[in-house]
Amino acid sequence: MRFLPFLFVLLTTPLFGQLKWENPDQTFVPKPQDKEVIARYRFTNAGTIPVTISDVHTSCGCTTAALQKKQYGPGESGEIAAAFNIAGRTGHQEKDIYVTTSAALLNPTVLRLKVDIPESIKIEPQLVMWRLGDQPVAKTIRIAVPDEIPAKVVSVVTDNQAVKLDLREIRPGKELEVRVTPQGTTQAAATTLVIRTDYPPGNPETHYAYARVK
Amino acid sequence: MKAVRQALWILLAALVPAFLASAFHPKRPAWSEDVLQPGEERLGTVQSWGDSVLWVDARSRKEFDTEHIPNAVLLNLEEWDQLFPAFLDRWQPNQKVVVYCSSLACHMSEEVADRLRRNSVEPVYVLKGGWEAWKSKR
């Protein structure tokens, strides 16, 4: 029965040591030019014995800074910072951060990071393609800048003459239709459509669409 | 008799956390092979398709540079505009594309596969188990 004290410690640690999280579920709405968001999760050891953080891991695309220390005494506070790289992403994203502590070895705390990433421009589709020998009929790419984004499309050009562009502005700078027609489909061709905007000032964004004959 | 009783107690003490871990731990292994989600394929199936498959690595450039499936092309969301043209150079119409990322908990491969499909790149599959599935079968 000498092992019983160990069993007692295992089963009762969660009763005496526990981390209390201030805001375990955080939501962000970044600006269009932001590349990452950083969430800071503050905690306090609300128990009566020290708590050790034994593991922190995250969903991919999300990283956590190394902890300055791992053991926190009763009443002591700390912070876990999680950075989420939002470059290239749009829409609603959710990432989880799992924190395992000595107070609950088998039941990690799940911290949640929610990010609603605004789409600075919508290009649909980003690729138009013709098979070799297809009829060289026009295909349409639609470009739209959401009203809440203070950007306008200033030009759409190609990097070669393999396709012909026919631009139609539905709402100037905000909504365009680009009809893309290949000069022919007897041989393979690759063209990039360069879509320039006027935002953000000083370093305006450029976006791309692609036309291929394969 | 006393030894047996103590052994049973030890077994019980081990079984309780083991049961809790098997039921609640976020990294617990599956009891059986999970069913495939729409658009997913198992490694064995993909390998049976032969060399015509185009592997797409949706992980970070750093992970890709460290190691990747032979002949895989890097295509992640962070560098989409820079990497998509290289993908288009490699891809042939109707070629089977299989996307993988770093782990079971990663949804990057689903996001990349979804974006490819929205651009009429078909058929596109996601490798069940991701990079770990590939590594474990080598």
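**Close-up 1. Surroundings of Cys62(A) in a predicted model.** Leaving aside neighbours within four places in sequence, Cys62(A) is in contact with Ala82(A), Phe84(A), Lys95(A), Ile97(A) and Leu113(A), where two residues are in contact if their C-beta atoms, placed from the backbone, lie within 7 Å. This is a predicted model, in which local features need pLDDT of at least 70 and side-chain atom pairs count only at pLDDT 80 or more, whereas totals for chains, interfaces and linings use all residues. Residues are numbered from 1 along each chain as its sequence is written, while chains are lettered from A and ligands numbered from 1 in the order in which they are written. Cys62(A) belongs to strand S5 (residues 62-64) of chain A; helices (H or I, at least four residues) and strands (E, at least two) are DSSP runs, numbered from the N terminus. Cys62(A) counts as buried because 21 other C-beta atoms lie within 10 Å, the classes being buried for 20 or more other C-beta atoms within 10 Å of a residue's own, exposed for 12 or fewer, and partly exposed in between, with C-beta atoms placed from the backbone. Between Cys62(A) and Glu36(A), which are 26 residues apart in sequence, the C-alpha to C-alpha distance is 9.6 Å.

**Close-up 2. The open sheet of chain A that contains S1, S3, S7 and S5.** The 4 strands of this open sheet follow the order S1-S3-S7-S5, with antiparallel pairing; two strands pair if DSSP finds at least two bridges between them. Strand S1 (19-21) and S5 of chain A form the edges, each pairing on one side only. From one strand to the next, the twist averages 30°, with axes taken as lines fitted to C-alpha atoms, for helices over the stretch in contact, and angles running from 0 to 180 degrees between N-to-C directions. Within the sheet, strand S3 (residues 36-45) and strand S7 (residues 77-85) of chain A pair in the antiparallel sense over 9 bridges, and Tyr41(A) has Ile80(A) as its bridge partner in S7(A).

Close-up 3. Asp116(A) is placed in strand S9 (residues 104-117) of chain A and counts as exposed because it has 12 C-beta neighbours inside 10 Å. Apart from neighbours within four places in sequence, Asp116(A) is in contact with Val29(A) and His92(A), whereas Leu67(A), 49 residues away in sequence, is 27 Å from Asp116(A), C-alpha to C-alpha. The domain assignment of chain A gives domain 1 (19-117) and domain 2 (122-213), bounds that come from an automatic or database domain assignment. The C-alpha centres of domain 1 and domain 2 of chain A are 41 Å apart.

**Close-up 4. Nonpolar cores and the setting of Val99(B).** In the largest nonpolar core, which has 41 residues, the members that touch the most others are Val56(B), Ala58(B), Val97(B), Val98(B), Val99(B) and Val112(B); a nonpolar core is a set of buried Ala, Val, Leu, Ile, Met, Phe, Trp, Tyr and Cys residues joined through C-beta atoms within 7 Å. Apart from that core lies another, of 20 residues, including Val37(A), Ala39(A), Val99(A) and Val115(A). When neighbours within four places in sequence are left aside, the contacts of Val99(B) are Val56(B), Ala58(B), Ser109(B), Val112(B), Ala113(B), Val124(B), Val126(B) and Leu127(B). Chain B has 6 helices and 5 strands, and its elements run α-β-α-β-α-β-α-β-α-β-α from the N terminus on. Of the 138 residues of chain B, 24% count as buried.

Close-up 5. Most residues other than glycine have a negative phi, and most peptide bonds are trans. The peptide bond from Glu124(A) to Pro125(A) is cis, with omega near -10°, and Pro125(A) is found in the loop between strand S10 (122-124) and strand S11 (127-130) of chain A. In chain B, the bond from Glu122(B) to Pro123(B) is likewise cis, with omega near -5°, and Pro123(B) occupies the loop between helix H5 (108-118) and strand S5 (124-127). Ser120(B), in the loop between H5 and S5 of chain B, has a positive phi near 65° and counts as partly exposed because it has 13 C-beta neighbours inside 10 Å. Asn71(B), which is not a glycine, has a positive phi of about 70° and sits in the loop between helix H3 (61-66) and strand S3 (73-74) of chain B.
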